[in-house]
Amino acid sequence: MSKNLFTLLCLTLLLSCNKQNKDVSKGDYYQRNGKVKNVIFVIGDGMGPQQLSMLQLFAKHAKKDYFDNRVTNLEKLMAQGNLASVMTNPGKHLVVDSSCSATQYSTGEYSLPEVVGLDYNGESSKTILELAKEKGLRTGLVSDTRLTHATPASYAAHNISRNDENAIAKEMIETGADVMLSGGLRYFIPKNAQEDVELRNLVPKHISLKSKRVDNLNLLEVASNKNYQLVFDKSSLLKSERGKLLGLFENSSMPDGIWNTTNKDKTDRVIPTLSEMAKVALKNLEGSKEGFFLMIEPGQIDWAGHRNDTGLLLHEMLRADDLFGVLNEWMKGREDTLLVVTADHETGGFGFSYSGYNVLTPLKVSGEKFNGNDYRANYNYGDFDTLDTLYLQSKSTMELMLEVSKWKEEKRTTENLKKFFSSHMKYEFSDEDIAMLMKSSKNQFYRPDHKNLKLKEVPHIEDFAAFYTYGNIVRSNIFARVLAHKQSAVWATGSHTSTPVTMITVGPKSLTSEFGGLLHSTQVGRKTIEALGLKKEYKTKIK
């Protein structure tokens, strides 16, 4: 080979290497090879297509404009990403619960209702978080419920019961996700915590030290020994340094969506929002050389659905949309990250619906076909004013009923109840409405050995009573029955439905195209594991 030809070949090879390096820095590499450095996986608990529809209707048609140009962050993500639908059922049942669904997403295996991190044969199955840690990626879990609740637990624990939060808390610390931010302090402090002066000095006064542990294990001490920074309020969270971080901001769950709407702009607020937790988690994890996996859960959409609380549901969706805005900003210009936004299931069978209430109301229209006559519809198709009224709800229906349960008997008059409910829900209540709200009846499904069915007398549900199983909490559901015609809103159940959920994927197009069509949650789990270049052998066959 001549000297000139050898020199030419070397120059060609050098230019090729330089171009490849340039392509990688631009993200072109990720466009081509179908793998990414980071995965952000968002699970809107209970967030079916009906819940997304409510958010969009509010943004477009509420009298006040709460969004820039009336465009939601959800809409912005949809515009740039790929859309698909996801079936969520377990391998052996029609309907899923949150821990089973999250397990199917996290492991890529069919699971069982109410278990954590187990396949449908009851065997432990490694999660994407565990696989990522093994490969050297950093990992994180963020939720507005509590850290040991079904969804986050299903990424960092393996247990036959989602309710064994004592054991789950211990295992989550052992699994050691780098960033864990949520509520649920009560499972991390010893049962004698209220007597511990040092613990009281460590944890801010706004958080109760009432423990739910059955032993005197102090998991905060265990976490500290594993080099976790411990934070308990917004200020310490925002000041936290990059590294292992455990944030527990409430004794049990984080505050609800109505609290979030009311307090998120207050400068003296001590409890962080879901969006703030997400921002800190991203800032903490994003410098990782190997990449990261982060699961974020707007989890109380589900709780609003279980209670059939239409006003609260709106505020939970607004909180979720704030999070979507954070993620939309973070994803701009990136090709090294896959963002998945989906849900574990739909809760409540919610929907706005037309009815026979207040029909044939005249409406002025200008069309020549009407010859100056009013337009009168045969049914009530719902008024946009409903959206503004729902926004004005100042307390959840469960909170209202909990307050009433503390009243003395002489205060619990029909008139006092009418005034109290109307002041917070902005609807008028009749004597008949109050009677319906306060009525109780014999529990048809009484079981003394069951956590939620052990009451002999329960709030009276006229129909589909088998689908309202949460004891006295069910009284909050009755508001939906009382106000249905005024809110143009119906609910089918107090539990979950099998409705396919929406999934949005944003990232390299060569990869997001793989997440199209109608998928099952196990398929989404497997594709997400593959997207990070992780390896796993699966024991269950996807149908």
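Over the ring of which residue does the charged end of Arg-334 sit? Select Arg-334 together with Trp-330, and you will find that charged end over the ring of Trp-330, 3.8 Å from its centre; a charge is said to sit over a ring if NZ of Lys or CZ of Arg is within 6 Å of the ring centre and within 35 degrees of the ring normal. Select next Lys-92 and Tyr-120, where the charged end of Lys-92 sits over the tyrosine ring, 4.8 Å from its centre.

Before going on, keep in mind that this is a predicted model, in which local features need pLDDT of at least 70 and side-chain atom pairs count only at pLDDT 80 or more, while totals for chains, interfaces and linings use all residues. Residues are numbered from 1 along each chain as its sequence is written, and side-chain values use heavy atoms, with hydrogens and water left out.

**Stop one: Arg-162 and helix H8**

Select Arg-162, which lies in the loop between H7 and H8 (helices, H or I with at least four residues, and strands, E with at least two, are DSSP runs numbered from the N terminus). Its relative accessibility is 19%, so Arg-162 counts as buried, a word that here means under 20% relative accessible area, whereas exposed means over 50% and partly exposed lies in between, with a 1.4 Å probe and protein chains only. Show the side chain of Asp-97 as well, and you can trace a polar contact of 2.8 Å between it and the side chain of Arg-162; such a contact is a pair of N or O atoms within 3.5 Å, where within protein one must be able to donate a hydrogen and the other to accept it, and residues adjacent in sequence count only if both atoms are side-chain atoms.

Now select residues 165-175, which make up helix H8, a mostly covered helix with 8 of its 11 residues buried. Among the buried residues are Ile-168, Met-172 and Ile-173, and the partners against which the buried residues of H8 pack include helix H6 (128-134), strand E3 (138-143) and helix H10 (219-225).

**Stop two: Glu-346**

Move to Glu-346 in strand E9 (residues 346-347). Glu-346 is buried yet has no salt bridge, and Arg-481, the nearest side chain of opposite charge, is 14 Å away; a salt bridge needs a side-chain nitrogen of Lys or Arg within 4 Å of a carboxyl oxygen of Asp or Glu. What does the side chain of Glu-346 join through a polar contact of 2.7 Å? Display Thr-497, whose side chain is the partner, and then Gly-349, whose backbone nitrogen lies 3.0 Å from a polar atom of the Glu-346 side chain.

**Stop three: aromatic rings**

The structure holds 18 aromatic pairs, each made of rings of Phe, Tyr or Trp (its six-membered ring) with centres within 6.5 Å, and planes under 30 degrees apart count as stacked, over 60 as edge-to-face and the rest as tilted. Select Tyr-354 and Tyr-379, whose ring centres are 5.4 Å apart with planes at 40 degrees, so the pair is tilted.

Finish with Phe-421 and Phe-479, an edge-to-face pair at 5.0 Å centre to centre and 85 degrees between the planes. Phe-421 belongs to helix H18 (residues 414-425) and Phe-479 to helix H20 (residues 478-487), 58 residues apart. Phe-421 is buried at 0% relative accessible area, and Phe-479, at 1%, also counts as buried.

Definitions and conventions:
Lys and Arg count as positive and Asp and Glu as negative; His and the chain ends are not counted. Contact means heavy atoms within 4.5 Å.
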